[in-house]
Amino acid sequence: MSEQPRRPRKTASTGRPGKPGRPGKPYRRPQKDPVRILAFEALRAVDERDAYANLVLPPLLRKARESGDFDARDAALATELVYGTLRRQGTYDAVIAACVDRPLREVDPPVLDVLALGAHQLLGTRIPSHAAVSATVELARVVLGDGRAKFVNAVLRKIARDDLDGWLEKVAPPYDEDPEDHLAVVHSHPRWVVSALWDSLGGGRAGIEELLAADNERPEVTLVARPGRAMAEELLAEPAAAPGRWSPYAVRLAEGGEPGAVQAVRENRAGVQDEGSQLVALALAAAPLDGPDRRWLDGCAGPGGKAALLGALAAERGAFLLASEKQPHRAGLVARALDGNPGPYQVIAADGTRPPWRPGSFDRVLVDVPCTGLGALRRRPEARWRRRPEDLDGFAPLQRELLRGALEAVRVGGVVGYATCSPHLAETRAVVADVLKRYPDTDLIDARPLLPGVPDLGDGPDIQLWPHLHGTDAMYLTLIRRTA
Ligand SMILES: C[S@@+](CC[C@H](N)C(=O)[O-])C[C@H]1O[C@@H](n2cnc3c(N)ncnc32)[C@H](O)[C@@H]1O
């Protein structure tokens, strides 16, 4: 076995017609369950229109709440059903494949979505089995029709005969025979992603298992108190807020915490930002520098999270920040993130590979390049199924060009930070090694001492953060100084 069974993407035809009901059995209207109908609609949008769950779900939830038949608990359940089903899709597809008598690609996508939703309730939640089956069959009656609801019923009853561990024993190949396939099925990641994460993480089974498990957890919401504009103490006064683990500016909100309800966030003095991203900005700002420290550049700034923190840190030092972003609409987001920054800054829409600025005109430069995002799988439940290994080839030339552009932008003695939210070695060390072949007049700065108190940053001089070790996205950073 090499890969989990894949779903076909877009099919409009219906499944098998159902047998006519037994004569004499009275017809009962299906019961409409708004939570499961909404979850199904969201899954269809993700599957059929390549939508992002985190963009599709909020408007659906808002509409449902406005219509009055949805409360906060319904919204939480719908969110859990959508995110859990998408994250665990690889595992559930393997279980479903063992319970149907044909390849999954021959099962209609809407039917598969209902089955996966049912499998998640049965294997991934505390919903009692009978309730999970009956609620999902009722959903199938509403959205698929009575005929296909019988098929759904039969499959879910088979799934309900065992729990998750029992199923994994049956459908995952033994670890000793094929470790990567085993982990792919057990932890619901594509096999190539398991390989890539393991290559970068190194070590034995325990570490990679912890990492893959962490990818399946919902990340906490973390706020950043932008220095000079808000204090972490102010954010800590929020209900159920806790200090960040590593960044002095970070505050974690307990589950259900609403960033939009925090006054400092509404006033742009604070923002939502993963602690890994905060650490990248902090390490770049702390890197030792010879000579002046007056002009900073963020060369890939959209949507502006790191730029806003860098802008605030630059302001404390009296430095100017130029935040540059190729996409004009994303440059607009950067402008919004920096609005009210206490120090001098400018936001421009510019291509970092053909920049409008003079070479050597900055003291500190960040390039947080476009990448596969394999370090942020916790946030985008569907992303792991969308990404393909070929995507790496698409990003590779741009990542190299943007790093070259950054090295040209910095003056001799200045520092460049190359960052990705992917730990894939092809996007991290391979890019840096390739580009630096043409820049012998550079030194790598050991970034680890710049983040005192943060353990397990790797063997240096670059740093790699991990969800299971740091509770952050798997951000990567290397710091490069131009020496001549
Ligand atoms: C990983 S994101 C940066 C995230 C950002 N640093 C933050 O913390 O919010 C990469 C950004 O680079 C931008 N980008 C892509 N190609 C670019 C180019 N040639 N020049 C400048 N920016 C580019 C993308 O539009 C995207 O907004």
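# Close-up views of a predicted model

Figure 1. An oxygen atom of the ligand is 2.6 Å from an N or O atom in the side chain of arginine 330. The model shown here and in the other views is predicted. A nitrogen atom of the ligand has a polar side-chain atom of aspartate 351 at 2.8 Å. For lysine 326 the backbone is involved: one of its N or O atoms is 3.4 Å from a nitrogen atom of the ligand. Taken alone, the ligand would expose 600 Å², and the protein buries 88% of this area. The ligand is surrounded by 20 residues, and the closest are Glu325, Arg330, Asp351, Gly352 and Asp368. Helices α15 (305-316) and α18 each supply at least two residues of this shell.

Figure 2. Methionine 475 sits in the loop that runs between α20 (467-470) and β12 (476-482). Is this residue buried or exposed? Methionine 475 has a relative accessible area of 2%, so it counts as buried. Leaving aside neighbours within four places in sequence, the residues in contact with methionine 475 include Gly276, Ser277, Val280, Ala419, Thr420, Cys421 and Ile463. Asp368 also touches methionine 475, and Asp368 is one of the closest residues to the ligand in Figure 1. Leucine 279 is 196 residues from methionine 475 in sequence, yet their C-alpha atoms are 9.0 Å apart in space.

**Figure 3. Two nonpolar cores.** The largest nonpolar core has 58 residues. Within this core, the residues with the most contacts are Leu38, Phe70, Val82, Ile96, Val152 and Ile159.

Figure 4. Side chains of opposite charge can pair when their charged atoms come close. A search of the whole structure finds 35 salt bridges. In one of them, aspartate 181 pairs with arginine 191, and the closest N and O atoms are 3.7 Å apart. Aspartate 181 belongs to helix α9 (residues 179-186) and arginine 191 to helix α10 (residues 191-201), 10 residues apart. Aspartate 181 is buried because its relative accessibility is 1%, whereas arginine 191 is partly exposed at 24%. Another salt bridge joins the side chains of aspartate 434 and arginine 400, with an N to O distance of 2.8 Å. This pair links distant parts of the chain, 34 residues apart: aspartate 434 is in helix α19 (residues 429-436) and arginine 400 is in helix α18 (residues 390-409). Aspartate 434 is partly exposed, with a relative accessible area of 32%, while arginine 400 counts as buried at 15%.

Figure 5. Glutamate 267 and arginine 269 form a salt bridge in which the closest N and O atoms are 2.9 Å apart. Elsewhere, salt bridges link Arg28, Glu138, Arg141 and Asp146 in a network.

How values were computed. Residues numbered from 1 in each chain as written. Predicted model: local features only at pLDDT ≥ 70, side-chain atom pairs only at ≥ 80, totals over all residues. Heavy atoms only, no water. Core = buried A, V, L, I, M, F, W, Y, C linked by side-chain atoms within 4.5 Å. Buried < 20%, exposed > 50% of the residue type's maximum accessible area, 1.4 Å probe, protein only. Salt bridge = Lys/Arg side-chain N within 4 Å of Asp/Glu carboxyl O. Helix = DSSP H or I, 4+ residues; strand = E, 2+ residues; numbered from the N terminus. Near = heavy atom within 4 Å. Polar contact = N/O pair within 3.5 Å; in protein donor to acceptor, adjacent residues only side chain to side chain. Areas by Shrake-Rupley, 256 points an atom, 1.4 Å probe, with all protein chains shown as cover. Contact = heavy atoms within 4.5 Å.
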